[in-house]
Amino acid sequence: MANSTPLLSQTESPESGVLNSDEVSLQTLDETIEWCVEGFGWRQFAQALIVSLAWFFDGQQACISDYSDAVTACDSASNGTAYNSIITEWGLECASSFVTGLPTSCFYLGCLIGGFAFATLADSSLGRKNLLVLSCSIMSLAALATSFSPNVWVYSALRLVSGFGRASIGTSALVLSTEIVGKKSRGLIGMIGLFFGTLGLLSLPAIAYLLRDASWRYLYVSTSAPAILYCLLIFFFIRESPKWLFMQGRDDEAMAILRKITPPTKHGRLKSYLSSLPHKQETTKFDLYSSIKDLFRRRWALTRLAEVMALGFGIGMMYYGMLLGVGNLGFDIYLSVTFNALLIIPSYFVSYFLLNRWNRKSTLLGFTMVSGVLSVACAFVGNGSVEIGLELASFFCTCMAYNVLVIFTIELFPTSVRNSATSMMRQAITLGVLFDPTLISAGREVPHLTYTVFGIVIIFCGFMVLFLPETRGTTLSDTMDEQEQRDFGLNNS
């Protein structure tokens with residue numbers, strides 16, 4: 001159980017029994033780590049860059065089907081310069097939308113299944129680092145095997161396995177990188193990960209264009225081989241989260257990591273501080289689904305999780321739906337994806353600026369509302385240039401909402417269930433994406449349908465933020481009890 005007694009009172013220090021003027025009062029592990037790192041050192045920056053690189057490969061596999069599964073009209077043959085997709089290689093030009101959309105649906109179905117299967121492993125037995133290595137290995141090895149697929153059925157099955165592995169990459173990378181820094185650097189670290197995801201997405205049009213005269217199989221080889229090497233880099237050179245180690249009772253390992261990022265002048269007091277912190281017994285159980293049980297056992301946590309998942313569902317449907325369905329607007333597929341991906345980059349800088357100055361709730365509400373209105377307007381505008389302009393503006397607002405939601409979710413839940421809660425939010429995003437292939441296919445027959453549905457859904461889901469507490473400037477809690485006590489105090493005040 002959490003202990004609300006301060007680690008150091010105003011009259012005690014760990015060494016002399018008197019709190020000197022340069023001592024600090026540390027009550028939580030989060031505050032202790034903040035005291036250790038003194039902001040954002042080069043060791044944290046190096047780890048954040050390497051860990052965040054996982055998002056690069058995640059972004060590639062998430063949208064690779066835009067090119068490998070590019071649809072060709074039934075009554076037209078591909079020209080000599082068209083990208084060689086599975087559609088042309090296996091003669092699926094006149095196949096049903098179910099067959100042509102099956103690989104993409106299988107990939108995101110795998111993401112959904114993998115998310116639930118892996119949701120608690122990072123909080124319980126495996127930890128953040130090991131789950132990241134496992135997830136990235138499964139995704140990249142399955143992607144490499146995909147290049148040898150003999151038909152669309154094997155191809156779809158391997159895409160499902162790849163999606164299964166991919167499910168926890170973003171969550172594990174985000175939590176692992178943010179738990180090593182203090183609250184002032186949390187927003188920046190989160191944006192670095194999302195930025196790498198955009199770079200991965202931006203790399204796809206370039207790689208696909210260079211391989212436009214080659215088989216789609218080379219696209220999978222060129223994206224999966226570097227990811228396999230990356231898994232080895234993570235395994236041998238990245239440290240586990242000291243927060244997770246401490247919560248599991250592995251104090252010596254946590255101490256060894258913190259000493260590496262703590263100035264030498266603080267080493268003497270670090271051990272005393274950590275030894276004085278009460279162990280959070282509620283999280284040291286090795287029940288595989290203990291963190292999920294904790295979320296479902298407490299009404300406030302379950303309600304909060306449902307609201308965050310509703311936000312993720314609406315934002316995910318819009319975010320990936322626009323990336324996957326932008327070809328419906330009739331523009332060049334290389335330029336369309338590039339324009340959308342290029343908008344993601346400035347969204348990170350704007351998000352980082354707003355996260356330091358605006359409340360999470362008002363920012364998230366505003367961008368979901370504007371994005372939805374612009375999407376509905378896009379559905380009923382016939383002018384091509386105006387239509388793509390509205391689509392880009394709507395997508396930019398969706399990117400902003402997505403960025404804020406990721407950081408917001410991390411701040412809403414304590415260390416003991418943070419990875420599980422963030423995973424559940426990402427599964428809600430994936431659930432929203434599962435509807436996109438059907439909506440995009442139907443949108444080819446009913447032009448107004450796709451973007452109208454996108455807009456209505458994100459507006460409706462966006463209202464869920466009104467029921468969540470504000471987290472800007474707050475310290476991360478370690479246990480469910482601590483989170484409950486802090487939020488109760490904030491609500492009372």
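**Core.** I started with the largest nonpolar core, which has 113 residues in this predicted model. L132, Y320, L364 and Y402 are the residues with the most contacts inside that core.

I picked L364 and listed its contacts, leaving aside neighbours within four places in sequence. L364 touches L311, I315, A401, V404, L405, F408 and V465.

**Whole chain.** Next I stepped back to the overall make-up. The secondary structure comes to 23 helices and 0 strands. Of the 493 residues in the protein chain, 58% are buried. I also looked at contacts with a separation of 6 or more, and 82% of them join residues 24 or more positions apart. The accessible surface is about 18,900 Å², and carbon and sulfur atoms hold 66% of that area.

**An enclosed helix.** How many residues of helix α9 are buried? I counted 10 of the 10 in residues 169-178, so α9 is largely enclosed by the rest of the structure. For my own reference, the buried residues of α9 are I169, G170, T171, S172, A173, L174, V175, L176, S177 and T178.

**Aromatic pairs.** The structure holds 18 aromatic pairs, and I wrote up two of them.

Y319 is in helix α16 (residues 299-325) and Y402 is in helix α19, so to speak two distant parts of the chain, 83 residues apart, are linked here. Y319 is buried at 7% relative accessibility, and Y402 is buried at 4%. Both tyrosines also turn up in one aromatic cluster, made of F107, Y108, Y319, Y320, F395 and Y402. I had already met Y320 and Y402 among the residues with the most contacts inside the largest core.

**Salt bridges.** My search of the whole structure found 6 salt bridges. I checked where some of them sit.

- R360 and E411 meet at 2.8 Å, N to O. R360 lies in helix α18 (residues 360-379) and E411 in helix α19, so the pair ties together parts that are 51 residues apart in sequence. R360 is buried at 7% relative accessibility, and E411 is buried at 4%.
- E484 and R298 meet at 3.6 Å, N to O. This pair links distant parts of the chain, 186 residues apart: E484 is in helix α23 (residues 480-492), and R298 is in the loop between α15 (290-297) and α16. E484 is partly exposed at 34%, whereas R298, at 18%, falls under the 20% cut-off and is buried.
- E253 and R250 meet at 2.8 Å, N to O. E253 is partly exposed at 38% relative accessibility, and R250 is partly exposed at 33%.

I also found D58, R166 and R426 linked in a network of salt bridges.

**A nonpolar patch outside.** I kept this one for last. In soluble globular proteins, nonpolar side chains tend to be buried together. Which residues form a nonpolar patch on the surface here? They are L229, L232, L233, F235, F236 and F237, with about 670 Å² of accessible area together. I looked up F237 in particular: this phenylalanine is in helix α11, residues 216-237, and at 60% relative accessibility F237 counts as exposed.

How values were computed:
Residues numbered from 1 in each chain as written. Predicted model: local features only at pLDDT ≥ 70, side-chain atom pairs only at ≥ 80, totals over all residues. Heavy atoms only, no water. Patch = residues over 30% accessible without salt bridge, like charges linked within 9 Å, V, L, I, M, F, W, Y side chains within 5 Å. Areas by Shrake-Rupley, 256 points an atom, 1.4 Å probe, with all protein chains shown as cover. Salt bridge = Lys/Arg side-chain N within 4 Å of Asp/Glu carboxyl O. Helix = DSSP H or I, 4+ residues; strand = E, 2+ residues; numbered from the N terminus. Buried < 20%, exposed > 50% of the residue type's maximum accessible area, 1.4 Å probe, protein only. Core = buried A, V, L, I, M, F, W, Y, C linked by side-chain atoms within 4.5 Å. Contact = heavy atoms within 4.5 Å. Phe/Tyr/Trp six-rings, centres within 6.5 Å; stacked < 30°, edge-to-face > 60°.
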